[in-house]
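Have a look at it first, and then follow the text from one part to the next.

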Amino acid sequence: MTTRHLELPKQPALPFDVEILANPSQDELRELALEHTPFCTRTARGSVNKVARNKARMAPFTYIIDREGAPQKYSHNVISPADADKLIAEQAEYIQAKGKLLLIDGYVGVGPRAVPVQWCYTLEGANIAGMQQILSFPRARVEGEEAAKQPFAPAFRLVYTPDFFVDMPGRQAIVVDLDNYVTYIMGADYFGESKKGALRMLAKLLFDQGALVMHAGAKEIRTEKEHLTMGILGLSGTGKTTTTFSKQGEHTLPVQDDMITLWPGGEVSVTENGCFAKTWSLTEEAEPVIYRGTMSADAWIENVFIDAEGNPVFDKSALSPEDVRRLRDVLIGTGAPQANVDAYIDGSVTLESVVDKGIPKDGWDFVMWTENGRSIIPMSSVEDAAVLETIPAVYSLGILNRDEGSDAAMPGLVRFTSPEQAAGYLMLGETSKTSAAGKERGKTRSPFTQPFFPLAHGRQAERFSELAATFDKTTMWLMNTGYVGGDAATTKAGASLKVKIRHSSAMLEAMVEGQIVWTRDPDFGYEVVDVEAPENASLLERVPAEILQPRRFYADKERMAEYGAWVDRMKSERRAFLEKWKVAQPIVEAAVNG
Ligand SMILES: Nc1ncnc2c1ncn2[C@@H]1O[C@H](COP(=O)(O)OP(=O)(O)O)[C@@H](O)[C@H]1O
Ligand SMILES: C=C(OP(=O)(O)O)C(=O)O
């Protein structure tokens, strides 16, 4: 297969008359961060942690410049060119007044489909620059040593001023210029805006060139005969990173944990030279690569709780009044109301009075540490990583749905029976909201699990259908990485089941090895593991039958009425969602009835 080279836009010269600090070393960036980034400290392990105001990406404050007066073309909020120009001019004044700009030149992707990107930060963003330098591919690797000494010609630019507050909702704005491939980030201080800023523009650029950038991890599967790629889509927090790094026998090599690009013929290209991993409940035993990377001296971490001795703590939840006293300046400096902080310290307000079922009331978020702590892990520390320049074609594509709640009835593993059915479920992008999505809980649907796809979401379904028609035989599947019949609160009492990482890994392994005997689900027409088939006995030793077929769980617990209500509701909600996006009728029918 010949790889077509990309048509790339070209950025004009930098429009700022300031001192440029171009491509400092990691050590220099660490020193700059410790000096200029607020609430950035060195941990006892030697790593650098930043406590940020934003604990997640801010979709409501992200605006695409709409030059045609056609907001329906985009999936994000839009902003008029005049309003955008005003914000961009104010940001330029801020940069002039600061007098210095840090540049990180690098690539999104590697090999012939790599896109050159210039990330620009005022000095308070030095930690973000340090993290971004690791996740981007270095010029020398893409261009070769000699060419990398020549002036850089970026196709995309990001201008990131974390502490420049604007007169907009939330005092922040992420302004996306998809016509000129520049993103301006003002008043946000979360690293995810930096990486997703470039990846969002990549999604537009490559969509126009016939591909689909997917919110998906990937792993390479090596059998004696073939090398193949498995793509794993999922909303934030559903398990892409965990599944990418879990092992299925000795034959799986991690490729990417967040975004891949799918091309005609099932060709795959990569985007990042590492990952921005979650650290919540991290243990060495369950996630050795992420744990060791996070604990290493040269790690960049964000929003991780650091104890009084300077050590990272990954399962911190409620803060005690003593914790809050110690962290008073950090908490107030990152947005906690001072009066509330002091009332908590002096004991006039208690945890129980401001937290309801684990969710803090407005103004009291600071009493519960965020579950969206993060760490940057370079691909170079992933010992068994695949060769990223040459990724084999996709042969297996799945979607993760972290189901949760009394009506969590998605089977542990589903195999789709037609490309239309798979396209429908990908378009539905179902999951239960996770910590990474902020305070919101409950079921959500996000087309292709990709809320930051900038063009109208329906276009993802169209493009996917076109691409799927060019794939070789590709297995498409869904895994529930959450619960059956309940949530964490009900699992201990046996009223629900948790789909554990080892269960998911066992199901994936059996599927990769082609060992599973399937049976048709009577309600939805997709296939599930046949728990009666003797060929599936070894999988059943590792995964409960009630996870493989949740209908059995509801039957055992005499909850079939609930199960029946779930089936009816899913059918009508799924149909309504797909019809709202004007998805083609054969896809709607295949997703609803099989
Ligand atoms: N069955 C499972 N599969 C994958 N992750 C699971 C599972 N059960 C629990 N988890 C936990 O859920 C979280 C998933 O997060 P992560 O893999 O970072 O998601 P993503 O990369 O999609 O944002 C991890 O903390 C992981 O330990
Ligand atoms: C960083 C993000 O994605 P993920 O949680 O999938 O890493 C994000 O959506 O901001």
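## A walk through the predicted model

Ala-126, Asn-127, Ile-128, Ala-129, Gly-130, Met-131, Gln-132, Ile-134 and Leu-135 are the buried residues of helix H3. That makes nine of the ten residues in H3 (residues 126–135), so this helix is mostly covered. Please keep in mind that everything here comes from a predicted model.

How far can you trust the prediction? The pLDDT averages 94 over the protein, and 98% of the residues score at least 70. Residues 435–440 are a stretch to treat with care: the pLDDT there is below 50, and beyond near neighbours in sequence the stretch has twelve contacts in the model. For the complex, the predictor reports an ipTM of 0.96 and a pTM of 0.94.

Now to the strands. Eight of them form an open sheet with mixed pairing, in the order E1-E6-E7-E8-E10-E9-E4-E5. At its edges are strand E1 (19–22) and strand E5 (77–79), each of which pairs on one side only. From one strand to the next, the twist averages 25°. Within the sheet, strand E6 (residues 100–108) and strand E7 (residues 115–121) run antiparallel and are joined by seven bridges.

Finally, the nonpolar interior. Nonpolar side chains tend to be buried together in soluble globular proteins. Here the largest nonpolar core has 170 residues, and Val-175 and Phe-464 touch the most other members. Helix H5 (residues 191–207) gives the most to this core, with nine residues. Another core, of 19 residues, lies apart from it and has Leu-327, Leu-331, Ala-336 and Ile-345 among its members.

Which residues does Phe-464 touch, not counting those up to four places away in sequence? The list is Leu-212, Met-214, Leu-262, Leu-397, Ala-423, Leu-426, Phe-448, Phe-471 and Met-476.

Note on methods:
Residues numbered from 1 in each chain as written. Chains lettered and ligands numbered in written order. Predicted model: local features only at pLDDT ≥ 70, side-chain atom pairs only at ≥ 80, totals over all residues. Heavy atoms only, no water. Pairing = 2+ DSSP bridges. Helix = DSSP H or I, 4+ residues; strand = E, 2+ residues; numbered from the N terminus. Axes fitted to C-alpha atoms, helices over the stretch in contact; angles between N-to-C directions. Core = buried A, V, L, I, M, F, W, Y, C linked by side-chain atoms within 4.5 Å. Buried < 20%, exposed > 50% of the residue type's maximum accessible area, 1.4 Å probe, protein only. Contact = heavy atoms within 4.5 Å. pLDDT = per-residue confidence, 0-100.
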